[in-house]
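Open the model in your viewer and keep the selection panel at hand.

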Amino acid sequence: MINSDTDLIFSSKKAQIQDFAFDKQVVEVFPDMISRSVPGYNTIINTIGNLSKEYAQANTNIYDLGCSLGAATLAMKKSITVKNCSIIGIDNSSAMVERCKMHVNAFKGESQVEICEGNILDIELKNASMVVLNFTLQFIEPEARKNLIQKIYNGLQPGGILVLSEKLKASDNVCNELLIDLHHNFKRENGYSELEIAQKRTAIENVMRPDTLETHLSRLKDSGFNHVNQWFQCFNFMSLVAIK
């Protein structure tokens, strides 16, 4: 039986494929889409919660930039125990923000949570002890990424942490094609058809432009982060931490 929240967006052949957007249609099936498309996603979310328990400082702000439905926000809300720590989730999709507020409000936690609709490039980031960019930077215009990382570094308190999760592009073309093939096989094993995989790839290629790991590391160190380490990778999906 197919549930109403099963991702069937690309299951029928489309005469014209529009660029992927985080609209209401995607919101309805987003948890299913993520679980079947991003290897290790639950591990990353759980680890974000554990890191917040370690790095959240009292009387500071925590930012979840590109919060989508609030999975990372909720993981932190459930984990943080220090006093007067505010979590601020920001997303530019009104449909995501509306549903995220419902999810976040359904759980109690020590920290106050505010979910806002807005462009993360325009926010004033200040007094932060933790910032999360969970598969968000890859949707930002490449020329704007350096300034955003610099703004995050400037807004972090000493000892503050950035968690950056991204889909990678391997610097070696042969290896890059291998990782893509492994990822597509992961999607097949999770029930996606060849048509769905092909149409989704076409829809997303103009809006998601991955960087290489070397580009990420260089950008973080150029912004001032001296302590940077990749802690997770499965196929072409990775997560790293950068500590100020």
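This is a predicted model: local features need pLDDT of at least 70, side-chain atom pairs count only at pLDDT 80 or more; totals for chains, interfaces and linings use all residues.

The expected span of a helix is 1.5 Å times one less than its number of residues.

**Stop 1: helix α2**

Select α2, residues 41-55. With 15 residues at 1.5 Å a residue, α2 should span 21 Å, and its end C-alpha atoms are 21 Å apart, so the two values agree.

Now colour the buried residues of α2: Tyr41, Ile44, Ile45, Thr47, Ile48, Gly49, Leu51 and Ser52. An α-helix has 3.6 residues a turn, so residues three or four places apart point the same way. Keep that in mind while you look along the axis.

Which elements do the buried residues of α2 pack against? Show α1 and α3, then the strands β4 (128-134), β5 (156-167), β6 (227-234) and β7 (237-243); these are the partners.

**Stop 2: the largest pocket**

The largest share comes from α6, with five residues. Colour the lining of the largest pocket by class and you will find 27 nonpolar, 13 polar and nine charged residues.

**Stop 3: the second largest pocket**

Select Pro31, Ile34, Tyr41, Asn42 and Ala71. Among the 17 residues that line the second largest pocket, these lie nearest its centre. Tyr41 was also on the list of buried residues of α2. The elements with two or more residues in the lining of this pocket are α1, α2 and α3, and α1 gives the most, four residues. The space in the second largest pocket is about 330 Å³. By class, its lining divides into 10 nonpolar residues, six polar and one charged.

**Stop 4: the cavity**

How many cavities of 30 Å³ or more are there? The count comes to one, and the largest cavity has a volume of about 50 Å³. To find this cavity, select its lining: Asp7, Ile9, Phe10, Lys187, Tyr192, Glu196 and Lys200. By class, the lining of the largest cavity has three nonpolar residues, four charged and no polar ones. The tour ends here.

Conventions
Residues are numbered from 1 along each chain as its sequence is written. Side-chain values use heavy atoms; hydrogens and water are left out. On a 1 Å grid over the protein atoms alone, a cavity is a set of points where a 1.4 Å probe fits but cannot get out, and a pocket is an open set with protein on both sides within 12 Å along at least five of seven lines; lining residues have an atom within 4 Å of a point. Grid points are joined across faces, edges and corners, and a volume is the space filled by probe spheres set on the points. Ala, Val, Leu, Ile, Met, Phe, Trp, Tyr, Cys and Pro count as nonpolar, Asp, Glu, Lys and Arg as charged, and the others, Gly among them, as polar. Buried means under 20% relative accessible area, exposed over 50%, partly exposed in between (1.4 Å probe, protein chains only). Contact means heavy atoms within 4.5 Å.
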